[in-house]
Amino acid sequence: MNLCDLKINESAIIKNINLKGIKKRRLYDMGFINGEKIEKVFDSIFKDPSCYKIKNTFIAVRREDALNIEVSYE
Amino acid sequence: MSNILLCGNPNVGKSSIFNILTSSNEHTGNWTGKTVDLAVAKIKGTNYNLIDLPGIYSLSSLSEEEIIARDTLLFSEYEKIIYVMDSSNIERNMNLLLQILEINKNVIVCLNMIDELDSKGISVDSDLLSDILGVEVVKCSTKNRIGIGDLLDSLESDRVSNFNFLYNLDIENKVDDILELINFKLKNKFIALSLLEKNKSIVKSIKDKFNIDINTNEINEYLMTVNAEDVSDNICYKINDLSKEISNRVVIRTKEKKISFLDKLFTNKITAVILMLLIVFGIFLITIVLANYPSDLLSLLFTKIESLLYNLCIKFSVPEFIYEPLLFGVYRVVSFIISVMFPPLVIFFFLFTYAEEAGILPRIAFNFDRICKCAGCHGKQALTICSGFGCNACAVVGSRIIDSKRDKLLAILTNAFIPCNGRFPMIIAIISMFFVNSSNKLLVSMYLTIFVLFAILISFLTSFILSKTLLKGTSGFFVLELPDYKKVSLSRILKISFVNKSLSILKKAILVSIPSGIIIWILNNTSVNDISIYSILSNFLEPFSKLMGLDGVILLAFIIGLPANEIVLPLIIMGYLRSSNVPLIADYTSIKSILVDNGWTISTAISTILFSIMHYPCATTLATIKSEVGSKWMFFAFIIPLITGISFLIILNLFI
């Protein structure tokens with residue numbers, strides 16, 4: 001499953017980031033890294049991007065990128 | 001005089017620390033990359049210069065700001081680094097600190113917003129943090145001015161961190177190998193790691209700065225065997241694990257972060273749309289209503305001063321050819337710009353800065369990213385659009401917050417469609433005269449909102465077309481932190497918006513309008529066969545203008561109004577009155593009768609408003625574009641809205 005499958009208020013653990021180069025590094029820098037707990041907190045008005053809570057901060061990610069972030073329930 | 005660097009993540013209050021330590025007025029924005037130019041100022045009562053680095057999340061050097069920060073940390077001379085952290089988010093903030101400690105160990109950690117910990121249910125053991133990292137840790141709050149003295153005292157400490165950590169054996173071995181191979185005076189672990197990650201920007205920086213190619217054949221050969229992606233992953237994992245470990249030791253958290261009420265409003269489809277339309281409408285209404293009084297007062301004052309100056313000129317028998325162009329050309333244009341533009345500008349930027357400081361703008365980018373993506377541009381373009389309402393030149397500078405060059409260009413090239421404060425007065429005047437026939441502010445704001453929505457639509461449409469043609473491609477990566485809403489001090493905002501924005505824009509507008517004041521006067525007062533050059537030019541433009549539903553006088557006013565949009569309306573009136581002086585603008589009724597006498601109808605009014613939205617940006621904006629992205633793109637920024645406007649109006653007038 002990936003990040004997009006999460007419903008609002010649901011949380012999961014990041015398993016893998018299927019992106020390369022700059023995008024992956026950017027996500028790492030923002031705290032999106034394997035083993036990290038992540039929770040979907042709200043969608044934007046057009047449902048994309050969505051906002052996730054990670055390391056206790058709110059970070060918005062587009063759907064196209066969230067699709068490449070593998071997660072699993074705890 | 002030695003230097004101190006100020007580093008930290010975005011939204012940790014770095015600029016506030018800078019302002020307090022140096023008593024300056026740098027503007028703190030609530031998003032990444034606000035500080036692109038390095039602000040430098042002397043720390044009060046010391047011999048140190050404080051250099052404010054851009055707020056960044058890491059030194060992986062993928063963005064302009066990260067490169068600036070990294071190069072300053074690596075190559076410049078400085079005594080110490082003050083690393084500002086958000087006390088309530090030690091773990092995430094630790095990331096960058098660990099990277100910085102690999103470059104320089106003269107670090108002072110400043111735990112900012114320490115007074116907000118109780119309400120957030122967090123406690124931080126700062127002594128333990130200090131022991132672990134081997135650095136001075138100072139607890140601070142810029143809001144309530146806690147710990148500033150301690151921070152100043154800590155500058156005198158000679159404590160140097162002894163903190164070290166190791167990556168896995170494989171990476172450490174590779175680092176040793178690379179360090180052997182580097183023949184550059186600055187050899188450190190950070191540079192070695194960057195090379196192993198095949199980071200091109202560090203090679204470039206060293207080449208630019210020292211004219212040395214650090215990637216020698218030996219190094220290149222060695223790097224052939226290295227999987228950069230693996231190295232990069234392992235570095236990130238290690239730093240992340242370590243940050244977590246340190247944070248777990250020093251932080252006790254009893255409450256989880258909750259979604260705030262405002263975020264619920266801003267992300268619910270119905271309330272968000274209503275709220276945002278209300279905000280746009282409200283900002284215009286407030287601006288129109290409030291700006292009226294000071295505007296009237298100012299223009300009254302300027303008229304008084306003018307007659308005073310006139311009398312003085314007569315009294316001291318100053319020759320006509322000197323005082324006429326100065327008084328009836330330059331003085332009137334300048335005083336018109338000040339009285340018409342300045343009050344709304346101040347009000348607009350007050351509201352805008354408030355939204356910026358309170359943390360509302362990232363939410364706007366968040367909500368509009370979807371539309372932006374459809375238009376092929378970046379979500380942050382929603383922000384440059386917002387600041388375009390104040391001043392297009394400011395929006396062009398503001399486009400620096402967008403990382404990718406392509407996305408930045410899209411934001412710049414389409415910003416001219418957003419009516420700025422220099423254009424609003426004319427649009428509002430025409431709406432008041434031809435659409436509502438009254439001074440009903442509510443109705444005026446409503447029509448204005450409609451035109452503004454149209455402008456935004458055209459701006460996005462142009463983005464879309466450009467992203468399929470001139471700037472092919474898809475918008476860059478979008479990850480955006482939505483920081484907590486902040487309570488902001490109104491007096492501070494007033495100071496920032498007035499001094500940093502409004503006054504500096506006004507100054508520019510006045511400077512460019514002085515020569516145009518003289519040109520206008522000359523055009524009007526030089527005649528060939530008893531017809532002024534102004535009339536000759538407007539007659540010449542007449543046939544073409546008719547195609548667009550305008551007339552020669554209007555078009556000429558837009559052309560001469562290139563330096564500043566504010567003077568277009570007075571120029572139009574001057575053209576009609578065939579007066580040789582810039583007219584004093586009286587009330588709407590008398591202006592309307594002048595316009596109607598010269599053949600204005602509702603369709604002329606619409607065409608003029610639309611042309612005001614869709615023509616070239618003003619001279620100041622063009623100059624800013626040139627300095628930001630070069631003259632080639634300045635040309636496009638000039639021609640794209642102009643062609644759009646001309647073709648749109650010609651087609652429109654075929655049908656009405």
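1. Leu361(B), Pro362(B), Arg363(B), Ile364(B), Ala365(B), Phe366(B), Asn367(B), Phe368(B), Asp369(B), Cys372(B) and Lys373(B) are the buried residues of helix H15(B), where buried means that 20 or more other C-beta atoms lie within 10 Å of the residue's own, exposed that 12 or fewer do, and partly exposed anything in between, with C-beta atoms placed from the backbone. Because 11 of the 14 residues of H15(B) are buried, this helix is largely enclosed by the rest of the structure.

2. On provenance and naming, this is a predicted model in which local features need pLDDT of at least 70 and side-chain atom pairs count only at pLDDT 80 or more, while totals for chains, interfaces and linings use all residues. Residues are numbered from 1 along each chain as its sequence is written, and chains are lettered from A and ligands numbered from 1 in the order in which they are written.

3. The geometry of H15(B) deserves a careful look. The helix covers residues 361-374 of chain B and reaches 20 Å from its first C-alpha to its last, close to the 20 Å expected at 1.5 Å a residue, the expected span being 1.5 Å times one less than the number of residues. H15(B) also has a kink of about 50°, centred on Phe368(B); the bend at a residue is the angle between axes fitted to the seven residues ending there and the seven starting there. Phe368(B) is itself among the buried residues of the helix, and H15(B) is followed by Gly376(B), whose phi is positive, near 80°.

4. Chain B as a whole has 28 helices and 11 strands, these being DSSP runs numbered from the N terminus, with helices (H or I) of at least four residues and strands (E) of at least two. Its radius of gyration is 29 Å, close to the 26 Å that the globule rule gives for 656 residues, so chain B is as compact as a globular protein of that length; the radius is taken over C-alpha atoms, and the rule is 2.2 Å times the number of residues to the power 0.38. The C-alpha trace of chain B spans about 90 × 55 × 50 Å along its principal axes, and 47% of the 656 residues count as buried. Of the contacts in chain B with a separation of 6 or more, 72% are between residues 24 or more positions apart, a contact being two residues whose C-beta atoms, placed from the backbone, lie within 7 Å.

5. Chain A has two helices and five strands, which follow the pattern β-α-β-β-β-α-β along the sequence. The radius of gyration of chain A is 11 Å, close to the 11 Å that the globule rule gives for 74 residues, so chain A is as compact as a globular protein of that length. Its C-alpha trace spans about 30 × 25 × 20 Å along the principal axes, and 51% of the 74 residues count as buried.

6. The contact between the chains takes 29 residues from chain B and 28 residues from chain A. Helix H3 (90-101), helix H11 (228-250), helix H12 (261-267), H13, H15 and strand S9 (479-481) of chain B each supply at least two residues of the side that touches chain A. By class, that side of chain B has 13 nonpolar, eight polar and eight charged residues, where Ala, Val, Leu, Ile, Met, Phe, Trp, Tyr, Cys and Pro count as nonpolar, Asp, Glu, Lys and Arg as charged, and the others, Gly among them, as polar. Strand S4 (residues 57-61) of chain A pairs with S9(B) in the antiparallel sense over three bridges, pairing being assigned if DSSP finds at least two bridges between two strands; Val61(A) has Val479(B) as its bridge partner in S9(B).

7. Within chain B, strand S5 (residues 107-112) is mostly covered, with six of its six residues buried. Val107(B), Val109(B) and Leu111(B) point one way from S5(B), and Ile108(B), Cys110(B) and Asn112(B) the other way. Strand S4 (residues 80-86) of chain B pairs with S5(B) in the parallel sense over six bridges, and Ile82(B) stands opposite Ile108(B).

8. The peptide bond from Asp48(A) to Pro49(A) is cis, with omega near 0°, and Pro49(A) lies in the loop between strand S2 (37-43) and strand S3 (50-54) of chain A. Ser317(B), which is not a glycine, has a positive phi of about 40° and is found in the loop between helix H13 (269-315) and helix H14 (320-358) of chain B; with 7 C-beta neighbours inside 10 Å, Ser317(B) counts as exposed.
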